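Me: I would like to learn how to read the features of a structure, step by step. Could you take me through one, giving the general idea and then the case?

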Amino acid sequence: MRKKLLLAVLAVVLIVVGAGVAYVVFGRDPPQGRLDTEVTGVSLLTPTDSVTDGADTVVVTTPPVESQPTTQTVTEPAEPAEGPCWLEFGGDPQRSLARPDIHLGIPSKKPVWVRGMGSYMEYPPSFCDGTLYVNTFGGRTAALDAETGRILWSRQDSGKKPSTPAIAGDRLIVSSVDGSVTALRRSNGRVLWRLQTNAKVESSAVVLDDTAYFGATDGRLFAVDVASGKVRWAYDTGGRINASPSIWGDRICISTYAGSIFCLRRQNGTKLWNTYIRRNTFEYESFYASPSTDGERLYTVSRGGKVVALNARTGAVLWTASVGSTGYSTPAIADGKVFVGGFDGKLRAYTATTGRVVWEAYVGGRILGPAVVVGDLVFFSTLETETYAARVSDGKIVWKIGLGKYSPGIATETRYYFSLNGLLMAFDGTGR
């Protein structure tokens, strides 16, 4: 009798579990997204003389650079400005993380200058017109003279800023996990407007045609007027967004924690397509890494380590691969290859068209931040505080420095600018 009772209980349990599995697999449709026509939970601050953000006062911690006279006598031609600009995370709206036409060679043994920023920089700086702009995890935004490393101005508030400031003409667009996105005047750091959302904003903004685009953890992708801060449109993906959107032409794409990748029409937020990526029969993948694109394909990696390439026009999955462990790094794209690091200590180069592994560079540390390609070198950092340069062609390690965390940095035709272990540093290239 007791045996029959146990069998009966077991049968009931199996029926309940089976019904639950059937509901998960067949009964729960993933969110397909919608245009948010109400746009609630958002407020806009446009300060005048004083700059406040709720109970927190935002102050300039160093005096702004004095303005120059409007007219002056030029005795000799000015030297060309250092370039090219690095206006946003990834170096371009595609988030390609590549400057294949710059050939600096390996960095010099000694830095030109080093500046402690007081906290980690999870994302690299932006750069233009001889000035670097950087956010720190400690809530600081600062502008530095690229030639000397001197801090031109600095702002501190309570919100952590694991993002890259986006340059938009004379403005700087700064996102923060306190839910704010702020436009600062590039010349002195003064607040021009602040958009406050009801969610965290870790997404690094991208600016195109006077519009700033960024995602929030409430699942919405925002398009905001750079001049005024007013929301032009918002799209609710239904999944948490920590990633940064990428743009190609009229197409803007974002990845989410719900396992989805959405591509929208940039001008009005109309959905072009969305694709959900499965981890297994019962679960969808989850994406922290931003999508990068070469126009034909869209690339990203899930937190479970699945590398995904999709048709950028239709959302069809073209190939998948794996980094063998946890994956957080936005793929870098150059030379027909896609470069992705993982927590298994390897940077891998995949062919962009098929996903075939071209080479693997094993260094033994966890690779969290994205790699960056400069000329024929690909730089990447580990959480174990090491940064390496590998050859793009074969993955051979040709340079190393004992500093890491998190993404290596950026480069111009003149210098490398690395953001490692809370230090911002400038290195000349050796040409070899």
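Me: Before we start, what should I know about the model and its numbering?

Reply: This is a predicted model, in which local features need pLDDT of at least 70 and side-chain atom pairs count only at pLDDT 80 or more, while totals for chains, interfaces and linings use all residues. Residues are numbered from 1 along each chain as its sequence is written, and side-chain values use heavy atoms, with hydrogens and water left out.

Me: How many helices and strands does the chain have?

Reply: Helices (H or I, at least four residues) and strands (E, at least two) are DSSP runs, numbered from the N terminus. Here the chain has one helix and 38 strands.

Me: And what share of the residues is buried?

Reply: Buried means under 20% relative accessible area, exposed means over 50%, and partly exposed lies in between, with a 1.4 Å probe and protein chains only. Of the 432 residues in the chain, 56% are buried.

Me: How do I read a sheet? Please use β28 to β31 as the case.

Reply: Strands of a sheet pair through backbone hydrogen bonds, either parallel or antiparallel. The pairing test is that DSSP finds at least two bridges between the two strands. In this model, an open sheet of four strands has the order β28-β29-β30-β31, and the pairing is antiparallel. β28 (332–334) and β31 (357–362) are the edge strands, each with a single partner, so one side of each has no neighbour in the sheet. From one strand to the next, the twist averages 20 degrees (axes are lines fitted to C-alpha atoms, for helices over the stretch in contact, and angles run from 0 to 180 degrees between N-to-C directions).

Me: How many bridges join β28 to β29?

Reply: Three bridges join β28 to β29 (residues 337–341), and the two run antiparallel. Within this pairing, A332 stands opposite F339 in β29.

Me: What about aromatic pairs?

Reply: Rings of Phe, Tyr and Trp (its six-membered ring) pair if their centres lie within 6.5 Å; planes under 30 degrees apart count as stacked, over 60 as edge-to-face and the rest as tilted. The structure holds 21 aromatic pairs. In one of them, the rings of Y133 and W153 have centres 6.5 Å apart and planes at 45 degrees, so this pair is tilted. The pair links distant parts of the chain, with Y133 in β9 (residues 131–135) and W153 in β11 (residues 151–156), 20 residues apart. Both Y133 and W153 are buried.

Me: Is the pair of F214 and F222 stacked or tilted?

Reply: F214 and F222 are stacked, at 5.4 Å centre to centre with 20 degrees between the planes. F214 counts as buried at 0% relative accessibility, and F222 is also buried at 0%. Elsewhere, ring pairs link F379, W399, Y416, F418 and F427 into a cluster.

Me: Which residues have the most contacts inside the largest nonpolar core?

Reply: A nonpolar core is a set of buried Ala, Val, Leu, Ile, Met, Phe, Trp, Tyr and Cys residues joined through side-chain atoms within 4.5 Å. The largest has 32 residues, and those with the most contacts inside it are L132, F379, Y416, F418 and L424. Strands that each supply at least two of its residues include β9, β33 (377–381) and β37 (415–420). A second, separate core of 21 residues includes Y123, Y288, V378 and V392.
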